[in-house]
Amino acid sequence: MKNNRFWAAYALLFIAQLLLCNYFTFTPWIMVTLLPAMVLCLPLEIGTTGAMLIAAATGLGVDLLSEGILGINALALIPVAFARKKIISIVFGADLLARNKSFSIRRNGLTAVLMALIIGLSIFLVIYIWADSAGARSFGFNAGRFGASLAVSLIFSVLTVRALTTQE
């Protein structure tokens, strides 16, 4: 039953990401993404290869249904899925992985969850902004875009973690 709830919430957040991409483009400086948080919250029973396949499918789905550059979200999301278990191990401890327990804000604290989200979002945004700019934008613009996107996406990512993790 818990898995059904997770996948239903994952599907709703996928739709929310599509809406953000299609209808809420505020400025070229800010890109709001929920995708890294969604991948970090995948059940730990799913291995790295499975997480990378889910990340690829999710990223390509967003690319096909919203943004113009096919593969850009998948390109940036697959490394997050690859690093997911390492991020969780470093931030929350290896025993969380050994017990196959998911993390949550209540159980692990907001500070630790924020640290994991910052790492995952940073990996995603560096690759996404690099691929999106294709050398046509200045380093200053890209750095500003990274900082603004990280700050805004972090707020939405905390809400994403709350929606995808159990609060036991």
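Residues are numbered from 1 along each chain as its sequence is written, and side-chain values use heavy atoms, with hydrogens and water left out. Because the model is predicted, local features need pLDDT of at least 70 and side-chain atom pairs count only at pLDDT 80 or more, while totals for chains, interfaces and linings use all residues.

**Aromatic pairs**

Rings of Phe, Tyr and Trp (its six-membered ring) pair if their centres lie within 6.5 Å; planes under 30 degrees apart count as stacked, over 60 as edge-to-face and the rest as tilted. The count by this rule is 6 aromatic pairs. Two stacked pairs are listed here.

| Pair | Centre to centre | Angle between planes |
|---|---|---|
| Phe-92 and Phe-103 | 4.7 Å | 15° |
| Phe-124 and Tyr-128 | 5.7 Å | 20° |

Helices are DSSP runs (H or I, at least four residues), numbered from the N terminus. Phe-92 belongs to helix H4 (residues 72-92) and Phe-103 to the loop between helix H5 (94-98) and helix H6 (105-108), so this pair ties together parts that are 11 residues apart in sequence. Buried here means under 20% relative accessible area (1.4 Å probe, protein chains only). Phe-92 is buried at 13%, and Phe-103 is buried at 4%.

Phe-124 and Tyr-128 both sit in helix H7 (residues 110-133); they are 4 residues apart, so about one helical turn separates them. Phe-124 has a relative accessible area of 0% and is buried, as is Tyr-128 with 4%. Elsewhere, ring pairs join Phe-6, Trp-7 and Tyr-10 into a cluster.

**Pocket and cavity**

On a 1 Å grid over the protein atoms alone, a cavity is a set of points where a 1.4 Å probe fits but cannot get out, and a pocket is an open set with protein on both sides within 12 Å along at least five of seven lines; lining residues have an atom within 4 Å of a point. A volume is the space filled by probe spheres set on the points.

The largest pocket holds about 280 Å³ of space. Of its 15 lining residues, Thr-25, Ile-30, Met-31, Tyr-128 and Arg-145 lie nearest the centre. Helix H1 (2-23) and H7 each supply at least two residues of this lining.

There is 1 cavity of 30 Å³ or more, and the largest cavity holds about 40 Å³. Phe-103 is one of the residues lining the largest cavity, which also include Leu-40, Cys-41, Ile-88 and Lys-101.

Terms used: Buried < 20%, exposed > 50% of the residue type's maximum accessible area, 1.4 Å probe, protein only.
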